[in-house]
Amino acid sequence: MDKAIISYFSGTGNCKRTAQILGRFFKGKNYQTQIVNISTSNPKDFNPAKFNIFIFPVYCFSMPQIMKKYLRRLPPSPGTNASVIATFGAQDAEKAGDEGRSLVQARKILTDKGFNVLYSDAVAYPSNFTQVVNVMPENVEEKVYEVSDLKVAQMAEKILREEIYHKPCLKIKAFVISLFDWMFSIFGRVFMGKLYVADKKCNSCGICVKECPAHTIKLIGGKPFWNYSCQACQRCINICPEKAIETSFVRLIVFTSLFIAFVIKLIGALVHGGLILAFSYLCIYVIFFAVLDFIIRQFEKVKFLSPLLTLSHTKKYRRYIAKELP
Ligand SMILES: Cc1cc2nc3c(=O)[nH]c(=O)nc-3n(C[C@H](O)[C@H](O)[C@H](O)COP(=O)(O)O)c2cc1C
Ligand code: SF4
Ligand code: SF4
């Protein structure tokens, strides 16, 4: 029996849902179907099948760092067919985001590994960017699922027919995005992880620790602490049963001010001082960031300061985990 391997990364379930739709489709066509969650599997164990489909969410118009790493570590697979699907965020039933250069990136990494990428396309699902934008209402969510699940089923038909299609991305757009992607992959996702705080609703259940795909959350004194390897996947903020995880205003203001000061210094150093001075500023910035994080964390342990340190716009936001397929 021919086989289909569907490998996905998912923060809040949209890509898992996409993988499940494809899985059901290929099973229905009598393929032996394997669905692989890349955050809990070793890329070295990848054993190519007739159909190899890779699915990931779009972050900052690019691929998530964790997915890039996984694809780069796959064994060389010359002549193996592959397909790529990206899910990006819809704000409501009519307004959707953009997959940017994520498909171009995935195609490049897979092609370098010897894969023959036949198909790459993107589909909108409810935006999960809870740290920044509120989640759409549940009734609108249902409409998005209806349209997007159908689109995924159509993609599955095309992949099965081995149709060649690549959603285009202008070269100039891909170039501009690559600058943001670089910043986001190195600093942005770490920065976003450092904005989290657990408010008084936290009951120390440890679910966020267990669920984090980057294993970057620890419970210290019964409260979660976010380390430096966040992927910005939004799972913790959305999965906490108590809705206790927020984006801290205090952390946002302190770290953003520090970042702006750093950028001004960096530009000055590059214009007047050269690369060594610029590198020194980078080191000072990293040290300052870590020290400020430590100090804020000590204040967060003080009970009477908690209302101030957990002030947040996300308290009003709904949380989002993709619905299970019917
Ligand atoms: C850090 C971050 C950045 C995002 N950037 C984009 C983006 O550039 N364009 C877009 O359309 N959606 C963007 N999104 C939305 C997600 O790509 C989208 O909701 C995706 O379906 C989530 O998939 P998942 O539920 O499998 O994690 C972003 C989400 C996050 C968390
Ligand atoms: S999941 Fe929520 S309640 Fe449980 S430890 Fe994490 S923040 Fe606290
Ligand atoms: S800390 Fe939260 S947002 Fe960051 S990788 Fe872990 S679960 Fe995802």
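Which residues does Phe54 touch, not counting residues up to four places away in sequence? In this predicted model, Phe54 touches Ser7, Leu71, Ala82, Val84 and Ala106 once those sequence neighbours are set aside.

- Where the domains meet, domain 1 supplies 13 residues to the contact, while domain 2 supplies 17 residues.
- Sorted by class, the side of domain 1 that touches domain 2 has five nonpolar residues and eight polar residues, but no charged residues.

- Six strands form an open sheet in the order 2-1-3-4-5-6, and their pairing is parallel.
- Strand 2 (32-37) and strand 6 (165-166) are the edge strands of this sheet, since each of them pairs on one side only.
- Strand 4 (residues 81-90) and strand 5 (residues 116-126) pair in the parallel sense over ten bridges, and within this pairing Asn81 stands opposite Asn116 in strand 5.
- As background, strands of a sheet pair through backbone hydrogen bonds, and the pairing can be either parallel or antiparallel.

**Phe54 in its setting**
- Phe54 lies in strand 3, which runs over residues 51-57.
- Phe54 counts as buried because it has 29 C-beta neighbours inside 10 Å, where the cut-off for a buried residue is 20 or more.
- Between Phe54 and Tyr228, which are 174 residues apart along the chain, the C-alpha atoms are separated by 26 Å.

**Helix 9**
- Helix 9 (residues 275-300) has 26 residues and, at 1.5 Å a residue, should span 38 Å, which agrees with the 37 Å between its end C-alpha atoms.
- Tyr281, Phe289 and Glu300 are buried in helix 9, and the buried residues of this helix pack against strand 7 (196-198), helix 8 (249-273) and helix 10 (306-309).

**Around ligand 2**
- There are 13 residues around ligand 2, and of these Cys202, Cys205, Ile207, Cys208 and Cys240 come nearest.
- The shell around ligand 2 divides by class into nine nonpolar residues, three polar residues and one charged residue.

How values were computed: Residues are numbered from 1 along each chain as its sequence is written. Chains are lettered from A and ligands numbered from 1 in the order in which they are written. This is a predicted model: local features need pLDDT of at least 70, side-chain atom pairs count only at pLDDT 80 or more; totals for chains, interfaces and linings use all residues. Two residues are in contact if their C-beta atoms, placed from the backbone, lie within 7 Å. Ala, Val, Leu, Ile, Met, Phe, Trp, Tyr, Cys and Pro count as nonpolar, Asp, Glu, Lys and Arg as charged, and the others, Gly among them, as polar. A residue is near a molecule or strand if its C-beta atom, placed from the backbone, lies within 6 Å of it. Helices (H or I, at least four residues) and strands (E, at least two) are DSSP runs, numbered from the N terminus. A residue is buried if 20 or more other C-beta atoms lie within 10 Å of its own, exposed if 12 or fewer, and partly exposed in between; C-beta atoms are placed from the backbone. The expected span of a helix is 1.5 Å times one less than its number of residues. Two strands pair if DSSP finds at least two bridges between them.
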